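Q: Please take a close look at one part of this model.

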Amino acid sequence: KEFWQEKQLLAGKKILVTAGPTRERIDPVRYLSNFSSGKMGYAIVQEAIKMGADVTLVTGPTDLQVPSGAKVVRVESAQDMLEAVLSRYPDMDVVIKTAAVADYRPKTVHSEKMKKRAGELVLELERTTDILKTLGEKKEQQLLIGFAAETVDVAYYAQQKLETKNLDMIVANDVKAEGAGFGTDTNIVTMYKQSGDVIPLPLLSKAEVAHRILEEVQLLLEGTL
Ligand code: CTP
Ligand code: CA
(Lines give C-alpha, C1' and ligand atoms only; values in the text may rest on other atoms or scores of the structure.)
(Ligands and ions follow the chains in the order given, each with its own letter.)
Protein backbone atom coordinates (compact mmCIF):
# COMPACT_ATOMS: atom_id res chain seq x y z
CA LYS A 1 0.00 0.00 0.00
CA GLU A 2 0.99 3.60 -0.53
CA PHE A 3 1.77 5.54 2.64
CA TRP A 4 -1.25 7.83 2.17
CA GLN A 5 -3.55 4.81 2.07
CA GLU A 6 -2.07 3.55 5.32
CA LYS A 7 -2.94 6.84 6.92
CA GLN A 8 -6.56 6.91 5.74
CA LEU A 9 -7.64 3.49 7.01
CA LEU A 10 -10.72 5.02 8.61
CA ALA A 11 -11.59 7.42 5.78
CA GLY A 12 -15.24 8.42 5.85
CA LYS A 13 -16.03 6.44 9.01
CA LYS A 14 -18.15 8.26 11.57
CA ILE A 15 -16.67 7.73 15.00
CA LEU A 16 -18.00 9.05 18.30
CA VAL A 17 -15.58 9.13 21.24
CA THR A 18 -16.54 9.97 24.82
CA ALA A 19 -13.81 11.16 27.17
CA GLY A 20 -13.06 12.63 30.54
CA PRO A 21 -14.93 12.49 33.83
CA THR A 22 -18.49 13.57 34.49
CA ARG A 23 -19.48 15.96 37.27
CA GLU A 24 -22.56 15.34 39.34
CA ARG A 25 -23.80 18.46 41.10
CA ILE A 26 -24.49 18.56 44.82
CA ASP A 27 -25.29 22.29 45.02
CA PRO A 28 -24.23 25.41 43.03
CA VAL A 29 -20.63 25.21 44.29
CA ARG A 30 -19.96 21.46 44.73
CA TYR A 31 -19.91 18.23 42.72
CA LEU A 32 -18.88 14.56 42.78
CA SER A 33 -16.37 13.40 40.17
CA ASN A 34 -13.31 11.18 39.58
CA PHE A 35 -9.64 11.41 38.58
CA SER A 36 -10.09 10.86 34.82
CA SER A 37 -7.86 13.24 32.83
CA GLY A 38 -9.42 12.54 29.43
CA LYS A 39 -5.98 11.81 27.88
CA MET A 40 -6.82 8.33 26.55
CA GLY A 41 -9.98 9.54 24.82
CA TYR A 42 -8.35 12.63 23.35
CA ALA A 43 -5.49 10.47 22.05
CA ILE A 44 -8.04 8.27 20.27
CA VAL A 45 -9.66 11.37 18.76
CA GLN A 46 -6.28 12.60 17.50
CA GLU A 47 -5.33 9.23 15.96
CA ALA A 48 -8.76 8.67 14.40
CA ILE A 49 -8.52 12.07 12.67
CA LYS A 50 -5.07 11.14 11.34
CA MET A 51 -6.58 7.92 9.99
CA GLY A 52 -9.21 9.91 8.10
CA ALA A 53 -12.28 9.40 10.31
CA ASP A 54 -15.09 11.90 10.83
CA VAL A 55 -14.78 12.27 14.61
CA THR A 56 -17.23 13.60 17.20
CA LEU A 57 -15.90 14.03 20.73
CA VAL A 58 -18.38 14.12 23.60
CA THR A 59 -16.33 15.28 26.53
CA GLY A 60 -16.71 15.91 30.22
CA PRO A 61 -14.66 18.72 31.77
CA THR A 62 -10.89 18.35 31.12
CA ASP A 63 -7.86 20.65 30.85
CA LEU A 64 -7.00 19.26 27.41
CA GLN A 65 -7.10 20.96 24.02
CA VAL A 66 -9.52 19.40 21.56
CA PRO A 67 -7.57 18.00 18.55
CA SER A 68 -8.24 20.14 15.50
CA GLY A 69 -10.64 18.59 13.05
CA ALA A 70 -12.91 17.03 15.68
CA LYS A 71 -16.49 18.10 16.30
CA VAL A 72 -16.86 18.67 20.01
CA VAL A 73 -19.84 18.48 22.35
CA ARG A 74 -19.10 19.57 25.91
CA VAL A 75 -21.12 17.98 28.69
CA GLU A 76 -21.07 17.98 32.46
CA SER A 77 -23.14 15.18 33.99
CA ALA A 78 -23.73 11.52 33.11
CA GLN A 79 -27.28 12.49 32.09
CA ASP A 80 -25.95 15.20 29.71
CA MET A 81 -23.53 12.67 28.21
CA LEU A 82 -26.30 10.09 27.77
CA GLU A 83 -28.44 12.58 25.85
CA ALA A 84 -25.53 13.86 23.72
CA VAL A 85 -24.51 10.32 22.76
CA LEU A 86 -27.99 8.88 22.19
CA SER A 87 -29.04 11.66 19.81
CA ARG A 88 -25.96 11.05 17.63
CA TYR A 89 -25.90 7.26 17.88
CA PRO A 90 -28.08 6.29 14.88
CA ASP A 91 -25.64 8.00 12.52
CA MET A 92 -22.42 6.45 13.81
CA ASP A 93 -20.26 3.61 12.50
CA VAL A 94 -18.23 3.31 15.69
CA VAL A 95 -18.64 4.45 19.31
CA ILE A 96 -15.65 4.34 21.66
CA LYS A 97 -16.49 5.03 25.30
CA THR A 98 -13.39 6.03 27.22
CA ALA A 99 -15.28 8.39 29.55
CA ALA A 100 -15.21 7.73 33.27
CA VAL A 101 -18.93 8.17 33.81
CA ALA A 102 -20.08 8.63 37.40
CA ASP A 103 -22.04 5.59 38.59
CA TYR A 104 -23.94 7.61 41.20
CA ARG A 105 -25.28 11.15 41.53
CA PRO A 106 -26.80 13.01 44.47
CA LYS A 107 -30.47 12.18 44.76
CA THR A 108 -31.37 15.81 45.30
CA VAL A 109 -29.48 18.76 43.85
CA HIS A 110 -29.71 21.69 46.24
CA SER A 111 -30.58 24.94 44.50
CA GLU A 112 -28.78 27.03 47.14
CA LYS A 113 -25.35 26.44 48.64
CA MET A 114 -25.61 23.97 51.52
CA LYS A 115 -24.60 25.44 54.87
CA LYS A 116 -22.45 23.46 57.26
CA ARG A 117 -23.92 22.29 60.53
CA ALA A 118 -22.75 20.46 63.63
CA GLY A 119 -22.28 16.70 63.17
CA GLU A 120 -22.07 14.46 60.12
CA LEU A 121 -23.57 14.93 56.70
CA VAL A 122 -25.07 12.01 54.81
CA LEU A 123 -25.43 12.42 51.05
CA GLU A 124 -28.03 10.20 49.44
CA LEU A 125 -26.94 8.94 45.99
CA GLU A 126 -28.83 7.29 43.16
CA ARG A 127 -27.57 5.36 40.13
CA THR A 128 -26.92 7.12 36.85
CA THR A 129 -27.92 5.42 33.58
CA ASP A 130 -25.29 3.06 32.16
CA ILE A 131 -24.74 4.79 28.81
CA LEU A 132 -22.75 1.97 27.24
CA LYS A 133 -25.28 -0.67 28.27
CA THR A 134 -28.05 1.45 26.77
CA LEU A 135 -26.10 1.67 23.50
CA GLY A 136 -25.54 -2.10 23.57
CA GLU A 137 -29.30 -2.68 23.82
CA LYS A 138 -29.98 -0.34 20.86
CA LYS A 139 -27.08 -1.54 18.72
CA GLU A 140 -27.65 -1.88 14.96
CA GLN A 141 -24.77 -1.33 12.51
CA GLN A 142 -22.52 0.31 15.09
CA LEU A 143 -19.32 -1.12 16.45
CA LEU A 144 -19.29 -0.58 20.19
CA ILE A 145 -15.99 -0.33 22.06
CA GLY A 146 -15.92 0.02 25.85
CA PHE A 147 -13.21 0.62 28.39
CA ALA A 148 -12.90 -1.02 31.77
CA ALA A 149 -11.03 0.58 34.64
CA GLU A 150 -10.19 -2.07 37.20
CA THR A 151 -7.95 -2.50 40.21
CA VAL A 152 -8.38 -6.28 40.73
CA ASP A 153 -9.40 -9.30 38.60
CA VAL A 154 -9.04 -7.22 35.42
CA ALA A 155 -9.66 -10.04 32.92
CA TYR A 156 -12.72 -11.37 34.73
CA TYR A 157 -14.48 -8.01 35.07
CA ALA A 158 -13.53 -6.89 31.56
CA GLN A 159 -15.01 -10.00 29.97
CA GLN A 160 -18.12 -9.68 32.10
CA LYS A 161 -18.61 -6.10 30.85
CA LEU A 162 -17.98 -7.19 27.24
CA GLU A 163 -20.91 -9.62 27.55
CA THR A 164 -23.40 -7.66 29.66
CA LYS A 165 -23.02 -4.47 27.62
CA ASN A 166 -23.13 -6.26 24.23
CA LEU A 167 -19.78 -4.81 23.08
CA ASP A 168 -17.61 -5.74 20.10
CA MET A 169 -14.46 -5.07 22.07
CA ILE A 170 -13.43 -3.89 25.52
CA VAL A 171 -10.13 -2.27 26.42
CA ALA A 172 -9.17 -3.08 29.99
CA ASN A 173 -6.65 -1.33 32.12
CA ASP A 174 -5.40 -1.93 35.61
CA VAL A 175 -5.54 1.64 36.88
CA LYS A 176 -3.23 0.81 39.79
CA ALA A 177 -0.39 -0.52 37.57
CA GLU A 178 2.76 1.60 37.23
CA GLY A 179 2.60 3.62 33.99
CA ALA A 180 -1.12 3.03 33.51
CA GLY A 181 -4.38 4.72 34.29
CA PHE A 182 -5.54 8.18 35.25
CA GLY A 183 -3.45 11.22 34.41
CA THR A 184 -0.44 9.37 32.94
CA ASP A 185 0.84 9.78 29.35
CA THR A 186 1.33 6.02 29.02
CA ASN A 187 -0.97 3.04 29.43
CA ILE A 188 -0.90 -0.77 29.65
CA VAL A 189 -4.06 -2.30 28.26
CA THR A 190 -5.48 -5.59 27.06
CA MET A 191 -8.10 -5.74 24.31
CA TYR A 192 -10.81 -8.42 24.60
CA LYS A 193 -12.84 -9.00 21.46
CA GLN A 194 -16.31 -10.48 21.12
CA SER A 195 -14.72 -13.23 19.01
CA GLY A 196 -12.73 -14.40 22.04
CA ASP A 197 -9.43 -12.92 20.86
CA VAL A 198 -7.36 -11.44 23.67
CA ILE A 199 -4.70 -8.91 22.71
CA PRO A 200 -2.39 -7.68 25.47
CA LEU A 201 -0.30 -4.59 24.71
CA PRO A 202 2.94 -3.59 26.43
CA LEU A 203 3.55 -0.23 28.13
CA LEU A 204 3.01 2.34 25.37
CA SER A 205 2.26 6.02 25.01
CA LYS A 206 -1.46 6.76 24.98
CA ALA A 207 -1.05 7.87 21.34
CA GLU A 208 0.38 4.46 20.44
CA VAL A 209 -2.33 2.65 22.43
CA ALA A 210 -4.92 4.72 20.56
CA HIS A 211 -3.38 3.71 17.24
CA ARG A 212 -3.43 0.00 18.14
CA ILE A 213 -7.06 0.20 19.27
CA LEU A 214 -8.05 1.90 16.02
CA GLU A 215 -6.22 -0.73 13.95
CA GLU A 216 -8.44 -3.35 15.66
CA VAL A 217 -11.49 -1.19 15.00
CA GLN A 218 -10.54 -1.07 11.33
CA LEU A 219 -10.25 -4.88 11.21
CA LEU A 220 -13.64 -5.23 12.88
CA LEU A 221 -15.16 -2.80 10.37
CA GLU A 222 -13.72 -4.83 7.49
CA GLY A 223 -15.30 -7.91 9.03
CA THR A 224 -18.73 -6.34 9.00
CA LEU A 225 -18.69 -5.42 5.30
N1 CTP B 1 -20.09 3.50 31.41
C2 CTP B 1 -21.16 4.19 30.87
N3 CTP B 1 -22.13 4.71 31.70
C4 CTP B 1 -22.04 4.58 33.03
C5 CTP B 1 -20.94 3.88 33.60
C6 CTP B 1 -19.98 3.34 32.75
O7 CTP B 1 -21.24 4.32 29.65
N8 CTP B 1 -23.00 5.11 33.80
C9 CTP B 1 -19.08 2.92 30.49
C10 CTP B 1 -17.71 3.56 30.59
O11 CTP B 1 -17.60 4.67 29.71
C12 CTP B 1 -16.80 2.42 30.16
C13 CTP B 1 -17.56 1.17 30.59
O14 CTP B 1 -18.91 1.58 30.80
O15 CTP B 1 -16.63 2.36 28.76
C16 CTP B 1 -17.04 0.52 31.82
O17 CTP B 1 -16.97 1.44 32.88
P18 CTP B 1 -16.49 0.94 34.30
O19 CTP B 1 -16.61 2.06 35.28
O20 CTP B 1 -15.18 0.22 34.15
O21 CTP B 1 -17.58 -0.20 34.61
P22 CTP B 1 -19.02 -0.18 35.24
O23 CTP B 1 -19.92 -0.92 34.31
O24 CTP B 1 -19.45 1.21 35.60
O25 CTP B 1 -18.87 -1.07 36.54
P26 CTP B 1 -17.98 -0.79 37.87
O27 CTP B 1 -17.67 0.70 37.94
O28 CTP B 1 -18.82 -1.27 38.99
O29 CTP B 1 -16.70 -1.61 37.67
CA1 CA C 1 -18.16 2.64 36.84
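Which element gives the most to the shell around ligand 1, and with how many residues?

A: β9 gives the most, with four residues. The model is predicted: local features need pLDDT of at least 70, side-chain atom pairs count only at pLDDT 80 or more, and totals for chains, interfaces and linings use all residues. Residues are numbered from 1 along each chain as its sequence is written, while chains are lettered from A and ligands numbered from 1 in the order in which they are written.

Helices (H or I, at least four residues) and strands (E, at least two) are DSSP runs, numbered from the N terminus. Both β9 (143-150) and α4 (131-137) supply at least two shell residues each. In total, 14 residues surround ligand 1, each with its backbone-placed C-beta atom within 6 Å of the ligand. K97, V101, I131, L132 and G146 are the closest. By class, the shell has eight nonpolar, two polar and four charged residues. Nonpolar means Ala, Val, Leu, Ile, Met, Phe, Trp, Tyr, Cys and Pro; charged means Asp, Glu, Lys and Arg; the others, Gly among them, are polar.

Now the core. The largest nonpolar core has 55 residues. Such a core joins buried Ala, Val, Leu, Ile, Met, Phe, Trp, Tyr and Cys residues through C-beta atoms within 7 Å. Buried means 20 or more other C-beta atoms within 10 Å of the residue's own, all placed from the backbone. I145 and V17 are among the residues with the most contacts inside this core. V17 touches, among others, I44, V45 and I96; contact means C-beta atoms, placed from the backbone, within 7 Å.

Conventions
A residue is buried if 20 or more other C-beta atoms lie within 10 Å of its own, exposed if 12 or fewer, and partly exposed in between; C-beta atoms are placed from the backbone. Two residues are in contact if their C-beta atoms, placed from the backbone, lie within 7 Å. Lists of a residue's contacts leave out its neighbours within four places in sequence.
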